[in-house]
Amino acid sequence: MEHGAEAIKKQVRVYIAVFAALGTLTVVTVAVSYLHLPFHQALAVALFVATIKGSLVAAYFMHLVSEKKIIYAILILTVVFTLFLFYLPLWTVGSGLVAHVS
């Protein structure tokens, strides 16, 4: 790991770049809301942008980019379970297992 003034300047540039990317993605999210996309497409775009933003925050602001491989394995397992939990309500509603309450 580097130390010194040059290393700090390099880290600051990375943080500024990540901050700019997060701001740009926020603008993209707001811009997409004005496109009046169908629900499923809007949901897919919103989840895609949120995934990128969350990954940037976790990688750089939570310093996961410099962690060991076991951390990545645990994170991938977490993502798999999260995707399963996202898919589960869609599957139950689509398959008719849940009665509609009106």
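Me: Before we start, what does buried mean here?
Reply: Buried means under 20% relative accessible area. Keep in mind that this is a predicted model.

Me: OK. Leu64, buried or exposed?
Reply: Leu64 has a relative accessible area of 19%, so it counts as buried.

Me: Where does Leu64 lie?
Reply: In the loop between helix 2 and helix 3 (69-95).

Me: And what does Leu64 touch?
Reply: Ala58, Ala59, Ile71, Tyr72 and Leu75. That list leaves out residues up to four places away in sequence.

Me: Switching to helices. At what angle do the axes of helix 1 and helix 2 cross?
Reply: Roughly 165°, and the axes come within 10 Å. Helix 1 is therefore roughly antiparallel to helix 2. Helix 1 covers residues 5-33, and helix 2 covers residues 39-61.

Me: Left-handed or right-handed crossing?
Reply: Helix 1 passes helix 2 in a left-handed crossing.

Me: How do the residues of that contact divide: nonpolar, polar, charged?
Reply: Between helix 1 and helix 2 there are 15 nonpolar, two polar and one charged.

Me: Which residues in helix 1 meet helix 2?
Reply: Val14, Tyr15, Val18, Ala21, Leu22, Leu25, Thr26, Val28, Thr29 and Val32. On the helix 2 side, the partners include Val45, Ile52, Lys53 and Phe61.

Me: New topic. How many salt bridges does the structure hold?
Reply: One. The side chains of Arg13 and Glu6 form it, at 3.8 Å, N to O.

Me: Is Glu6 buried or exposed?
Reply: Exposed, because its relative accessibility is 52% and the cut-off is over 50%.

How values were computed. Residues are numbered from 1 along each chain as its sequence is written. This is a predicted model: local features need pLDDT of at least 70, side-chain atom pairs count only at pLDDT 80 or more; totals for chains, interfaces and linings use all residues. Side-chain values use heavy atoms; hydrogens and water are left out. A salt bridge is a side-chain nitrogen of Lys or Arg within 4 Å of a carboxyl oxygen of Asp or Glu. Buried means under 20% relative accessible area, exposed over 50%, partly exposed in between (1.4 Å probe, protein chains only). Axes are lines fitted to C-alpha atoms, for helices over the stretch in contact, and angles run from 0 to 180 degrees between N-to-C directions. Helices (H or I, at least four residues) and strands (E, at least two) are DSSP runs, numbered from the N terminus. Angles under 35 degrees count as roughly parallel, over 145 as roughly antiparallel, 65 to 115 as roughly perpendicular and the rest as oblique. A crossing is left-handed if the near helix is turned anticlockwise from the far one by less than a right angle, and right-handed if clockwise. Contact means heavy atoms within 4.5 Å. Ala, Val, Leu, Ile, Met, Phe, Trp, Tyr, Cys and Pro count as nonpolar, Asp, Glu, Lys and Arg as charged, and the others, Gly among them, as polar.
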